[in-house]
Structures are given as C-alpha cells and as structure tokens.
Amino acid sequence: MKKANKHPGDFENQKQQDLEVNKSDGTGQFMTTDQGLKINDDTNSLKAGERGPSLLEDFILREKITHFDHERIPERIVHARGSAAHGFFELFQSMEKYTKAGFLQDPGIKTPVFTRFSTVAGSRGSTDLARDVRGFAVKFYTQEGNYDLVGNNIPIFFIQDSMKFPDLVHAVKPEPHNEMPQAGSAHDTFWDFISLMPESMHMIMWAMSDRAIPRSLRMMEGFGIHTFRFVNKENQSHFVKFHWKPKLGTHAVVWDEAQKISGKNSDFHRQDLWEAIESGQFPEWELGVQLIPEADEHKFDFDLLDPTKIVPEELVPVTIIGRMVLDRNPDNFFAETEQVAFHPGHIVPGIDFTNDPLLQGRLFSYTDTQLSRLGSPNFHEIPINRTIAPMHNNQRDGHMRQEINVGRVSYHPNSLGGGCPFQAKIEEGGFSSFNERIDAQKVRDRSESFSDHFSQATLFFNSQTQVEKNHIIKALRFELGKVETVAIRLRVLGLLSQVDKTLANKVAEGLGLKVPATLEKPINQGVGANADKKKHEPKKVTQKVTSSDALSMLKNKTLSKTIVTRQVAFLCGNGVNGDSVTTLKNALKKEGACIKIIAPHLGSIKTADGSEITVDQSFLIASSVLFDAVYVPEGKANFMESTPEAIEFVNEAYKHCKVIGADIPEMLERTNMKRKMDSDGGVVINDDKSKNFAQSFINAMGHHRFWSREADV
Ligand code: HDE
C-alpha cells in the first residue's frame, strides 16, 4: 500500500508542475474531480502494489469511468445526424399588419438564433451525402420566448396524417432483421410502403430530385411546410407559409459524386459549414412568407391544410421579410448541437397553428421525444434550450433540476406568495390561441379535399429542365433497382404513370419492366378499414399552374452565379509555372473562392523558376468529387503522364460536368475530354492571350455545371 501510494517524487513534481503551468498560462486551471478536488495523478489507478490489483477505493478512477460509461444519450429517432451554428435573424420590414410577434415588428431588430441542419434516416455517425430530406430547424431566442421553426429543405411531406409517421420511419430506417441499409431509402421496406401510399408521390418527386443531395447545407432552401397562422393585434388571422432562400443559391451534387463523397469524406457538409463560418464567410438566408387572407382559404385547387401540397409562387408570391446569418460555430457539439430541443409547439404570441393533421401530431411528439432523449422534463434548463425571456412558473423538481426555487409557494392561485407568478393579460403579452370556430362531429377520417395525390407531382415534374428530369429518372432506376421484390417495383411504376407517362416508361425501361396497364389497387391502400373508399379514391384535380420555375433548381431565381467559397483544385508538380498559379489564385481569391494546391506529395514543390509552393493536399487525400472546379497550370510535359491520379481527377471533373481550366491543351492530352474541348464552355484553355483567362475561368465557374456533357436517358 505504502509503495502504491508513494510515488512521492511524482507528487512533488506534479505539484511543482501545476504551479508552473498555473504561473505560465495564468489560467489557474488545475484538473479536479467533479467535486472540485484537485487531482494529483490522472495517469495511474490506485493499486495494491505497483503490479497489484486496482482498489475499489479509487473514487477518482470510478468517477471518471462511470461518467464515461454514461456519455451517450439516445440519438434522435429521426434527424439523428446534424450540424448546427449560432447566428441572428434581422427583420427587413415590419409585419405588424399581419402578426403581433414582437421580433417581427421593428425593421432592423436582431434576434439570436441557433440553426440545426440534419439528414432524416441515418444514424448520428452516418454520411452527410445520403439521398435524403434535410432538416432545417431554427430556434429564435425572442424577447417573448423561444420560437422554433422546425422545417425541411423540401416544402412538402410524404404523408398527410401524423398517424402514419411511425410507419413511414419504420419503412425507411434500416430493415429490422439485418439493420441494412444505413441512411438510405433504396430498399424494399421503404418502397413497399410508398407503393401503397399514393399521397407520397409529390414528395417522392422531390426526394428523387437533386434537392435530396445538396452541394452544401449553405446552398439549400428551407421551408416551414405546414400552413401556419399569423395573428395581429386585432386578432385577425392570415395563413402563412415560410421559405428560407439561400444567398449562395440552391445547388446540388450529382448522385455519382454523392456516393463517392460518402466514402472520401462522410463529414462533407458538416466540415463545409464549419469551415465557412471559421473563415468568416457567414452563410446567409432570406426569410420569405406567402400570406393568404383567411377569406381565401378555399380558393385553391388543393387544401391549405394538406402538407403534401405547395402553394405555387405564381399564385401567392413570396415576400422577403428578413435575413438569417450564421456567424458562430458551437463551442461544444454535444452541449449545443446534440442537446438542442426543437418543437413546432414553441411559438410566440402572433404565430399560431392550423389544423394540418401532420402538424397536429407533431405538436405532441417533440416534447415526448425530448423526455426520452434528454431524460428529464427539465431539458429547457440546458443552456442551449434556455429562453432569454424571464421564466417563472410552478413547474418543480424532476431529474437534474438546475433552478433553485425559493419560498414555499409552487401553486396558483396563491396568496402566500403574493399571487406570483401572475397570468399575463393579452395586452401584457399573454398568449391566447386563435379562436377559430370549430363545429364538427368527432370522426377518424380525412377530408376529400386531400385526395388529389398526383397533380402537384406532375406540376413538379413538368417544371424541371430535361437534365433534372433525367436525374429523377436515374434516381428512381437506382432506388427501385435495389428493391428486390418485383411486385413492389411494378406498383411504384403504376403510381409513377399517374404522374407522367414518359417518366414511368423511362424508369420501367431501366428496370427491364413494363408499366402495368391498370393501377393496381391493393387492399389497405392508405385508408382506414371503415373508410368510404370511393371518397378516398386518388383523384387528379386540374391545377391552375402547370409549370413553376421556382420548383426547378436550374431555373430557380435563387440559383446564384457567385463562386464564393467554391473549392478549386490546382493540380501541380515540380516544374509548374509559378506565375500561372499565382495569377489565377489571386483572381479566384478576390471572388471568394478557396484554392487548394494538389501535388503528388505533401510538403512543397519547386516552380520552373526555382521558387517553392506549399502543397495543401496530396493526390492520396484529394479527389475531384470534393471540388467544384479544377485547374492544370502549365508544367513539365510528363506531369500528367507520370501522375495517373491527375488524369483521373480531370476525367472525373469532366464526367460531373465541372469547370476545367488548363494553360495549354497539351496538359489535357491524356484525359478523356480532349476531343470535346472546343465545344464546351466549361473547358477553359489559356491559349488566347488576347482574352483574360482568369475572368473566363471565373465566368465558367459561375455556371457551376455544364450539363450538355451528360447523356440523355
Ligand atoms: Fe419531425 N421529429 N416529425 N418533422 N423533425 C423530430 O424530434 C415527428 C416532420 C423535423 O434538428 C423528432 O427532437 C412526427 C415534418 C426536423 O433537432 C421527433 C412527425 C417535418 C427535426 C419528430 C414529423 C419535420 C425533427 C426526433 C409527423 C418538416 C430535427 C428528434 C407527424 C416540417 C430537429 C426530435 C433537430 C425531429 C417527430 C414530421 C422536421 C421524433 C411525429 C413534416 C427538422 O419528435
């Protein structure tokens, strides 16, 4: 015992060292136990002799290991994989006419926010680039309490009633017998469910489009999805739909890239968000609203309460009312990103719900899930979840209570506490629900106005460019190609034929099948056993709007030509022309792009005139799919020949329709795209000295992709 305890020298040295550390860094940060006891040895457990067994008495070891054993909490049932940042929301114009919400009154007013982006299906450690919907959840810390806008990057949802949500999630999650596949919808159970739920067809169009594989979390739109209400001081209500429009435009990668990125860097989106904020390139979105007067509720070809429908911007324009800037990364992932608890029911006076049956179910779900995920009804006391508004009520105790409530009164009404806390009158900011008149029979049913499952799916498909249509067709061929049960594939083809005949035929062609002549009506097609089947028969209602540019990423107004934060790879070797590198690098930097020097090895390379260039990444680490454009500066004649990775790099960039620049055509001689160089504006060669090469390269990058390289399906 004596010996084990001994290490007297260690003790003295450690003590001395602590003092020195203390002196030199001035922090005074000794390591302690959770009880504040200074730790002298964090390296060795307490033993009976140097080579003896560890002692139960070692409370320091036990405290450390016990804490470690309990480090994990249940991950979110859905949206487990997420990345978040702090920032602010700034109002451009007063919404006073429509809502009394305090943070929407005075132009210029800034409200702190915390925003978390996520994928839906995958586990916490899954890849960022799964084909999936992205969560887009914003917590506004307003003076009147927290307001959470818990939306997605797609403006509609798979199902109309919350009753089907557990089924949807069970179907898309890894299959229960073998836990496969991770973070992917390309499997039998998902498509089995979808093939029996015609209401999902509109969402399927979006999920199979490139919206489901964003280039960056900073380059996607966000939507509140449900119709909400704005309520003003006069208690007048307007229906409202929320839109986030990214300043950098809405962009995607292609599916082949997405799959490769998942292998090369499964943190691609997380890292991109983190690095943009660290480098001061703060992501920004504008907040837009579509406002619909109460009296217009029934003026549309669809039901405003149906979450599988959009309100086309052609019918109700989006008014921009403010902007959100994310300017600070979290200090600690777990404390903030993991523990943040969103809830569509966190609202403030002036914002209210509608009877959308999906929203109504969500209003129950989110508190319930925090109870099991965060483990206590006191999750609102975790710093990231705390309101900045004063908080007083008679809720008490529970696991991990932080607040020390004083006094003997924890009930209302009371006289012993002087009546505190008081209920607030409406004019004092007290919340009261919009007094919508409801006069109805209790039913377990759905409105007939929810029965049009195909018209807006057709509208979406019709609004796409041919390139985007091709991507949807290929995505469906991929997903259904992974489905093993032929009957499921056929049922989906039947549903697709209701959306668009060419779409269905093209998908069928890829699967080696024929579109069924009649739409199979399996029992149990998403309606209850007692339902009036005729009433719920899927219908097509002619839509006023037949094509909408806002629905296409390539036609969309939010497609921006900026190249800010775009990644450009410079492929270099010893003997490279240093002037070429510097000229384009400086021009690109001025536009806000990020440049990486890629070479056969790390360290540095020598330019033709003998100076040195620091290498950022070797070919072992870099890959074309992680970049937006590639440049091959003039160099030794055999550089490409002796560097097959560089040839592969350029070929892949070409295949993915990206911009390729080169000083001299010879540098690209060995690549696949040599023959096509002249016909493609995306291959920029510096051989016409009368033209500004850097500017041509930048202009080409502003187009982002050159889709004419892709073959038609
Ligand atoms: Fe969610 N959803 N959801 N959801 N949802 C959750 O809450 C749920 C739905 C959305 O970054 C869970 O805290 C039900 C639509 C986002 O922390 C859970 C239904 C939309 C996030 C839950 C829906 C969303 C969640 C899991 C159908 C777009 C991540 C963990 C009635 C408008 C928030 C958690 C974050 C998270 C339930 C449908 C968006 C289980 C029951 C529609 C962005 O409560």
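Here is a short tour of this chain, from its overall build to its salt bridges and surface patches.

This is a predicted model, in which local features need pLDDT of at least 70 and side-chain atom pairs count only at pLDDT 80 or more, while totals for chains, interfaces and linings use all residues. Residues are numbered from 1 along each chain as its sequence is written, and side-chain values use heavy atoms, with hydrogens and water left out.

**The whole chain**

There are 18 helices and 18 strands in the chain. Both are DSSP runs numbered from the N terminus: helices are H or I with at least four residues, strands are E with at least two. With a radius of gyration of 29 Å, close to the 27 Å that the globule rule gives for 713 residues, the chain is as compact as a globular protein of that length. (That radius is taken over C-alpha atoms, and the rule is 2.2 Å times the number of residues to the power 0.38.) Along the principal axes, the C-alpha atoms fill a box of roughly 90 × 85 × 55 Å.

Of the 713 residues, 51% are buried. Buried means under 20% relative accessible area, exposed means over 50%, and partly exposed is in between, using a 1.4 Å probe and protein chains only.

**Salt bridges**

The structure holds 38 salt bridges, each one a side-chain nitrogen of Lys or Arg within 4 Å of a carboxyl oxygen of Asp or Glu. Here are some of them:

| Pair | N to O distance |
|---|---|
| Arg218 and Asp272 | 2.9 Å |
| Asp296 and Lys299 | 2.8 Å |
| Arg401 and Glu403 | 3.9 Å |

Arg218 is buried at 2% relative accessible area, and Asp272 is buried at 10%. They also belong to a network of salt bridges with Arg215, Arg566 and Asp628. Elsewhere, Lys299 is exposed at 56%, while Glu403 is partly exposed at 33%.

**Surface patches**

Patches are made of residues with over 30% relative accessible area and no salt bridge; like charges are joined within 9 Å, and nonpolar side chains (Val, Leu, Ile, Met, Phe, Trp, Tyr) within 5 Å.

One nonpolar patch consists of Leu602, Leu620 and Ile621, with about 350 Å² of accessible area together. Leu620 sits in the loop between β15 (617-618) and β16 (629-632) and is exposed, because its relative accessibility is 80%.

Glu634, Glu666, Glu669 and Asp687 form a negative patch. Glu666 is in the loop between β17 (659-662) and β18 (683-685), and counts as partly exposed at 47% relative accessibility.

Definitions and conventions:
Areas by Shrake-Rupley, 256 points an atom, 1.4 Å probe, with all protein chains shown as cover. Lys, Arg positive; Asp, Glu negative; His and termini not counted. Charge placed at Lys NZ, Arg CZ, Asp CG, Glu CD.
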